[in-house]
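Reader: I would like to go through the labels attached to this model and ask, for each, what the value behind it is.

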Amino acid sequence: MLGQRLLADGWAVRGTSRRQGGLAAIEAAGIEPAPADPERPGTLLELVGDVAVVVLALGSASGDPELLGAIHRPRLQALVERLVDTPVRGVVYEASGSADPELLAGGAEILRAANRTWRIPVELVEAPREDPSAWVLAMANGVSRAISPAGKPK
């Protein structure tokens, strides 16, 4: 739904999944599919050569707590440290969801630090997925704010 909204707003959209079924669903929605795994930041970095905004919609990710901790902390840190040398000009992070709130808060702090250190525009979106329309709108607005001058919406 978010990808389709961004397409409708005029963005070129690439969606990622680590699973074939996810890639097929992305393609069926009319979005460019690309295999990537948030556990391996290099798989994401391979895809950002022509990307303006990276959307990290992992607030509802579930699974092994140790793996989730790695994704929202050291893997996220490694990703943002390397985004500095790419064309990426903004990051949108889903800062709420069913994942452990402490993990999400840790990820949000990593991104705030990236903003302070490297001036990477960051939008931290807190919107409940229980209301899909509101979530999509909040995330799409986050993309617009991340890329707009001075963090102001277009």
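Author: What follows takes a glycine and then several charged pairs in this predicted model.

Reader: Why is glycine 59 called buried?

Author: Glycine 59 has a relative accessible area of 0%, and because buried means under 20%, the label applies to this residue, which lies in the loop between strand 3 (53-56) and helix 4 (65-72). Leaving aside neighbours within four places in sequence, glycine 59 is in contact with Glu94, Ser96, Gly97, Ser98, Ala99 and Leu104.

Reader: What makes the pair of arginine 145 and glutamate 123 a salt bridge?

Author: The N to O distance between the side chains of arginine 145 and glutamate 123 is 2.8 Å, and the rule asks for a side-chain nitrogen of Lys or Arg within 4 Å of a carboxyl oxygen of Asp or Glu, so the pair qualifies. Arginine 145 lies in helix 7 (residues 132-147) and glutamate 123 in strand 5 (residues 122-125), so the pair ties together parts that are 22 residues apart in sequence.

Reader: Why is arginine 145 called partly exposed, and why is glutamate 123 called buried?

Author: Arginine 145 has 23% relative accessibility, which falls between the cut-offs of 20% and 50% and is therefore partly exposed, whereas glutamate 123, at 14%, is under 20% and therefore buried.

Reader: How do you know that aspartate 37 and arginine 18 meet in a salt bridge?

Author: Their side chains are 3.3 Å apart, N to O, and because the limit is 4 Å, the pair of aspartate 37 and arginine 18 counts.

Terms used. Residues are numbered from 1 along each chain as its sequence is written. This is a predicted model: local features need pLDDT of at least 70, side-chain atom pairs count only at pLDDT 80 or more; totals for chains, interfaces and linings use all residues. Side-chain values use heavy atoms; hydrogens and water are left out. Helices (H or I, at least four residues) and strands (E, at least two) are DSSP runs, numbered from the N terminus. Buried means under 20% relative accessible area, exposed over 50%, partly exposed in between (1.4 Å probe, protein chains only). Contact means heavy atoms within 4.5 Å.
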